[in-house]
Amino acid sequence: VQLQASGGGSVQAGGSLALSCAASGNIWRIDDMAWYRQAPGKQRELVAKIFRGGNSNYSDAVKGRFTISRDNGKNTVYLHMNRLLLEDTAFYYCNMWADGMDFWGKGTQVTVSS
């Protein structure tokens, strides 16, 4: 199973970006899907998680600004990021729990500038 993330880039503060991450390979069932991020010199942190049934949770830092969604038919998870702040600058990683195993994408860079 491979996870391919896309959609990162550079944006000014206050702007928006959308990330997507698609899983490919021999997959029977994907349960949780999530986005994590890691800023330089900091630990990787959970940004948002969405469960198979559609419930989701968010870190306090992004609640109200980011929206996570998923398309089970496409094995894809999305992250819509609005009102981006300088502190949202980080490498964003997608994560999926599928068939009893944990999978990670390689990450995509998001840079927010003033």
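**Charges and rings: a short walk through the model**

Let me start with glutamate 45, which counts as partly exposed because its relative accessibility is 35%. Please keep in mind that we are looking at a predicted model.

Side chains of opposite charge can pair when their charged atoms come close. So who does glutamate 45 meet? Its side chain forms a salt bridge with that of arginine 37, at 2.7 Å from N to O. Arginine 37 itself is buried, with a relative accessible area of 5%.

Now, arginine 37 also meets aspartate 88 in a salt bridge, this time at 2.9 Å, N to O. Aspartate 88 sits in the loop between β8 (76-81) and β9 (90-98), while arginine 37 belongs to strand β4 (residues 30-38), so this pair ties together parts that are 51 residues apart in sequence. Aspartate 88 counts as buried, since its relative accessibility is 0%. Through shared partners, salt bridges join Arg37, Glu45, Arg65 and Asp88 into one network.

How many salt bridges turn up in the whole structure? The search finds five. One of them links arginine 29 and aspartate 31, at 2.6 Å from N to O; arginine 29 is partly exposed, at 39%.

On to the rings. Two aromatic pairs come out of a search of the whole structure. In one of them, phenylalanine 91 and tyrosine 93 are tilted, with 5.6 Å between centres and 40° between planes. Phenylalanine 91 is partly exposed at 30%, and tyrosine 93 is buried at 13%.

Finally, have a look at arginine 44. Its charged end sits over the ring of tyrosine 93, 3.8 Å from the centre, and also over the ring of tryptophan 104, 4.8 Å from the centre. Thanks, everyone!

Conventions. Residues numbered from 1 in each chain as written. Predicted model: local features only at pLDDT ≥ 70, side-chain atom pairs only at ≥ 80, totals over all residues. Heavy atoms only, no water. Phe/Tyr/Trp six-rings, centres within 6.5 Å; stacked < 30°, edge-to-face > 60°. Buried < 20%, exposed > 50% of the residue type's maximum accessible area, 1.4 Å probe, protein only. Lys NZ or Arg CZ within 6 Å of the ring centre and 35° of its normal. Salt bridge = Lys/Arg side-chain N within 4 Å of Asp/Glu carboxyl O. Helix = DSSP H or I, 4+ residues; strand = E, 2+ residues; numbered from the N terminus.
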